[in-house]
Amino acid sequence: MYERGGVRGMVELETLKAIEHSLGGKLPIAKFFDLIVGTRYALSAQIESISNFYSTGGILALALGVKHWPVNESIERFMKICYKAFTRRELNRVPVMRTLAAVSHGSFYKTRPLHNALKKELGHQILFGGPREYDSRSVTKVAVTSTDEDGRNPIILANYRHPEKAVNYDHYQPSSADKEMQIWEAAAATSAASSYFKPFYHHASGRSFLDGGLYYNNPVKVAHREMHMLWPDIDHPDILLSLGTGRNKAQLDEEEKAEP
């Protein structure tokens with residue numbers, strides 16, 4: 001069963017498809033960006049540009065910027081992930097039993113189907129330091145936001161490193177290569193929405209992660225901060241592009257009624 005939250009990520013992908021086409025359609029959209037930052041609800045990118053994409057933005061950031069999938073392929077694989085990931089627990093149609101099951105298991109949805117889908121589509125390649133399809137100088141820098149298990153400290157997981165320490169969040173930089181995140185693990189960490197899925201436990205590091213939306217539903221501030229640390233001589237990106245998943249007509253009607 002498709003669930004609204006995940007599938008609405010299609011809005012950004014279809015918009016990106018149109019943008020990619022308007023740019024000639026010969027290069028994947030990510031090739032126009034130097035930096036992409038994604039979170040559970042949003043994705044920001046920048047080179048020349050910054051862009052925001054609402055809903056499952058961390059997964060899309062990894063798909064577009066790290067896996068280098070064209071938008072058409074991203075759409076196909078994203079739908080496969082959504083189809084498998086949002087697996088309700090048993091008796092979910094009975095309100096009382098649904099709540100009891102969620103409390104007992106710690107989440108409304110089963111976590112294993114999500115992880116299996118991410119493994120199959122995104123794979124086990126290491127996020128930082130893994131094989132490169134392109135010259136490292138031309139690889140898009142990608143980061144996704146997450147949060148520690150206590151929900152107190154925001155974290156970014158990235159395919160790059162820089163020596164400067166950010167003020168408002170931690171950059172996950174393990175002490176040894178065997179503790180690095182795989183791409184699917186980074187996707188699981190950024191999308192482990194509290195109550196919907198269980199926290200993601202990273203066996204290699206012994207740490208647990210919650211979704212990045214707890215602190216950065218919109219990661220533009222993270223993107224700006226990372227930009228300044230990566231390229232300190234750049235004050236502003238050339239373009240800011242913001243894409244959302246939209247709101248349905250019922251929401252808009254309710255807001256209109258509420259207006260004085």
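**Exercise 1. Which residues of H4 are buried?**

Before you start: this is a predicted model, where local features need pLDDT of at least 70, side-chain atom pairs count only at pLDDT 80 or more, and totals for chains, interfaces and linings use all residues. Residues are numbered from 1 along each chain as its sequence is written, and side-chain values use heavy atoms, with hydrogens and water left out.

Solution. 
- Step 1: Helices (H or I, at least four residues) and strands (E, at least two) are DSSP runs, numbered from the N terminus. Buried means under 20% relative accessible area, exposed over 50%, and partly exposed in between (1.4 Å probe, protein chains only).
- Step 2: pick them out. The buried residues of H4 are Val71, Ser74, Ile75, Phe78, Ile81, Cys82 and Ala85.
- Step 3: see where they point. They cover an arc of only 130° around the axis, so they sit on the same side of H4; the arc is that of the directions from the helix axis to the C-beta atoms.
- Step 4: recall the helix geometry. An α-helix has 3.6 residues a turn, so residues three or four places apart point the same way.

**Exercise 2. Check the length of H4 against its residue count.**

Solution. 
- Step 1: the expected span of a helix is 1.5 Å times one less than its number of residues.
- Step 2: H4 (residues 71-85) has 15 residues, so it should span 21 Å.
- Step 3: the end C-alpha atoms of H4 are 20 Å apart, which agrees.

**Exercise 3. Work out how H3 and H7 lie against each other.**

Solution. 
- Step 1: H3 (residues 57-66) and H7 (residues 183-190) pack at an angle of about 155°, and their axes are 8 Å apart. Axes are lines fitted to C-alpha atoms, for helices over the stretch in contact, and angles run from 0 to 180 degrees between N-to-C directions.
- Step 2: angles under 35 degrees count as roughly parallel, over 145 as roughly antiparallel, 65 to 115 as roughly perpendicular and the rest as oblique. H3 and H7 are therefore roughly antiparallel.
- Step 3: on the H3 side, Gly58, Ile59, Leu62 and Val66 make the contact (heavy atoms within 4.5 Å). Their partners on H7 are Ile183, Ala186, Ala187 and Thr190.
- Step 4: sort these contact residues, and you get six nonpolar, two polar and no charged. Here Ala, Val, Leu, Ile, Met, Phe, Trp, Tyr, Cys and Pro count as nonpolar, Asp, Glu, Lys and Arg as charged, and the others, Gly among them, as polar.

**Exercise 4. Describe the surroundings of H3 and what follows it.**

Solution. 
- Step 1: ten of the ten residues of H3 are buried, so the helix is largely enclosed by the rest of the structure.
- Step 2: Histidine 68 has a positive phi of about 60° although it is not a glycine.
- Step 3: histidine 68 has 15% relative accessibility, so it counts as buried.

**Exercise 5. Is tyrosine 172 buried or exposed?**

Solution. 
- Step 1: find tyrosine 172 in the loop between strand S6 (170-171) and H7.
- Step 2: with 6% relative accessibility, tyrosine 172 counts as buried.
- Step 3: Leaving aside neighbours within four places in sequence, tyrosine 172 is in contact with residues including Ile156, Arg161, Lys179, His202 and Phe209.
- Step 4: Tyrosine 172 and isoleucine 156 are 16 residues apart in sequence, with C-alpha atoms 6.1 Å apart.
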